[in-house]
Amino acid sequence: MGSCDKLEPFPQNTVGHQYTTAADSISANIAEGFGRYGKKDKIKYYRYAQGSMYESFNWTEQARVRKLITEEQYLYILGELKKLPIAINSLIKWTNNNLTI
């Protein structure tokens, strides 16, 4: 979406901020999970990342419907987001199968 700052006030305060927060939260929760000691704690944060990922799917669609992003931007963002479910699920599975604590 480029920058939320470039939007008019209403879409910036609705879609823009929510979208940015959800997208930023994906990597922040993965990082938080990496920093945790126990397996259950790590997985909890990875699941939070999943929730933020699905929220980002929603905001991507909202941004497209409200014509806040171009079709080209929409397709690019959607393509990148579609990579995440497998990656995050793999991280959860690996953590669950390989950590004992």
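This report describes the fold, helix packing, charged residues and selected local sites of a predicted protein model.

## Basis of the description

The model is predicted, so local features are reported only at pLDDT of at least 70 and side-chain atom pairs only at pLDDT 80 or more, while totals for chains, interfaces and linings use all residues. Residues are numbered from 1 along each chain as its sequence is written, and side-chain values use heavy atoms, with hydrogens and water left out.

## Overall architecture

The protein contains four helices and zero strands, and along the sequence these follow the pattern α-α-α-α. Helices (H or I, at least four residues) and strands (E, at least two) are DSSP runs, numbered from the N terminus.

Of the 101 residues, 37% count as buried. Here buried means under 20% relative accessible area, exposed means over 50%, and partly exposed lies in between (1.4 Å probe, protein chains only). Among contacts with a separation of 6 or more, 64% are made by residues 24 or more positions apart; a contact means heavy atoms within 4.5 Å.

## Packing around helix α2

Helix α2 (residues 39-65) packs with helix α3 (residues 71-81), their axes coming within 10 Å and crossing at roughly 170°. That makes α2 roughly antiparallel to α3. Axes are lines fitted to C-alpha atoms, for helices over the stretch in contact, and angles run from 0 to 180 degrees between N-to-C directions. Angles under 35 degrees count as roughly parallel, over 145 as roughly antiparallel, 65 to 115 as roughly perpendicular and the rest as oblique. On the α2 side, the residues meeting α3 are Met53, Ser56, Phe57, Thr60, Glu61 and Arg64. Their counterparts in α3 are Glu71, Tyr74, Ile77, Leu78 and Leu81.

Helix α4 (residues 84-98) also packs with α2, at an angle of about 170° and with the axes 10 Å apart. These two helices are therefore roughly antiparallel to each other.

Lys42 lies in helix α2. Its side chain is buried yet has no salt bridge, and the nearest side chain of opposite charge, Asp41, is 8.7 Å away. The side chain of Lys42 does reach the backbone oxygen of Phe34, at 3.0 Å. Beyond residues up to four places away in sequence, Lys42 touches Gly33, Phe34, Arg36, Tyr37, Thr95 and Leu99.

Thr60 is likewise placed in α2 and is buried, with a relative accessible area of 0%. A polar atom of the Thr60 side chain lies 2.7 Å from the backbone oxygen of Ser56. Leaving aside neighbours within four places in sequence, Thr60 is in contact with Tyr19, Ile69, Tyr74, Ile77 and Leu81.

## Salt bridges

The structure holds five salt bridges, each defined as a side-chain nitrogen of Lys or Arg within 4 Å of a carboxyl oxygen of Asp or Glu. Arg36 pairs with Glu32, the closest N and O atoms being 2.6 Å apart, and the side chains of Arg36 and Asp41 also meet in a salt bridge (3.3 Å, N to O). Arg36 is partly exposed at 28% relative accessibility, as is Glu32 at 33%. Asp41 is partly exposed as well, with a relative accessible area of 25%. Salt bridges that share partners join Glu32, Arg36, Asp41 and Lys44 into one network.

A further salt bridge links Glu80 and Lys83, with the closest N and O atoms 3.0 Å apart. Glu80 is partly exposed, with a relative accessible area of 33%.

## Loop residues

Gly35 is located in the loop between α1 (9-34) and α2, and at 65% relative accessibility it counts as exposed. The C-alpha atoms of Gly35 and Tyr45, 10 residues apart along the chain, are separated by 9.9 Å.

Lys67 is located in the loop between α2 and α3 and is exposed, at 71% relative accessibility. Most residues other than glycine have a negative phi. Lys67 has a positive phi of about 60° although it is not a glycine.

How values were computed:
Lys and Arg count as positive and Asp and Glu as negative; His and the chain ends are not counted. A polar contact is a pair of N or O atoms within 3.5 Å; within protein, one must be able to donate a hydrogen and the other to accept it, and residues adjacent in sequence count only if both atoms are side-chain atoms.
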